[in-house]
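Please open the model in your viewer and keep the sequence panel in view. The stops below proceed by selection.

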Amino acid sequence: MLDFNIRGENIEVTQAIRDYVEKRISKLEKFFDNDIQASAHVNLKVYPDKQAKVEVTIPLPYMTLRAEEVSNDLYASVDLVTDKLERQIRKYKTKVNRKSREKGYKKLDFAAADLVADLEEQDEPESQFEVVRTKRLSLKPMDNEEAILQMNMLGHDFFIYEDANSEGIDIVYRRNDGRYGLIETGED
């Protein structure tokens, strides 16, 4: 069900590390539908001060799971990331189930755009307007509450989605005061 893409920066990914990462993250499969094929992108980093950072991204058809943790122990970081991803899934499923009960749906197919932004900063860009990464989105219908949930799960400041009611393309964003804003497109 989950395919693993494990990379190491400043660390050799041994078979023991690979086995541990796959064993821990595979426990999340119990939350997925059986017919879903997904890839878990795992990046392991060790800093000069011996801090270990683990980043995991799992793009799914209905949401993208992403978490990262830093600690003094690589295995502890893997455990912390797995726990964080499980909390994200539980929070999402609780919200979806509550919303579907409120609206009277028996089974609801919620979907979110597969949007994982690359926020790495470059030291000195060649051009002020240089495009360093391109993302292709498949926008799925949802309401602004679900879009905000997706944005928060991804750790982003904005999220683009198709509004389920108006069928227009909308953007939710986090304001400087911590609240949320909505940009609606389309005709009045």
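**A tour by selection**

Begin with strands S5 and S6 (residues 158-163): they run parallel and are joined by two bridges. Strands here are DSSP runs of E with at least two residues, numbered from the N terminus, and two strands pair if DSSP finds at least two bridges between them. Select Pro141 next; opposite this residue, in S6, stands Glu162.

The model is predicted, with local features requiring pLDDT of at least 70 and side-chain atom pairs counting only at pLDDT 80 or more, while totals for chains, interfaces and linings use all residues. Residues are numbered from 1 along each chain as its sequence is written, and side-chain values use heavy atoms, leaving out hydrogens and water.

Now widen the selection to the open sheet, in which four strands follow the order S5-S6-S7-S8 with mixed pairing. Strands S5 (141-142) and S8 (180-184) stand at the edges with a single partner strand each, so one side of each has no neighbour in the sheet.

Move to S3 (residues 52-59) and S4 (residues 64-71), which pair in the antiparallel sense over eight bridges. The two strands form a hairpin, with four residues between them. Within this pair, Ala52 has Ser71 of S4 as its bridge partner.

Finally, select Lys45, in strand S2 (residues 38-46). Beyond its neighbours within four places in sequence, Lys45 is in contact (heavy atoms within 4.5 Å) with Glu9, Gln51, Ala52, Lys53 and Glu55. Lys45 is buried, that is, under 20% relative accessible area with a 1.4 Å probe and protein chains only. Lys45 has no salt bridge, a term for a side-chain nitrogen of Lys or Arg within 4 Å of a carboxyl oxygen of Asp or Glu. The nearest side chain of opposite charge, Glu9, is 4.0 Å away.

How values were computed:
Buried < 20%, exposed > 50% of the residue type's maximum accessible area, 1.4 Å probe, protein only. Lys, Arg positive; Asp, Glu negative; His and termini not counted.
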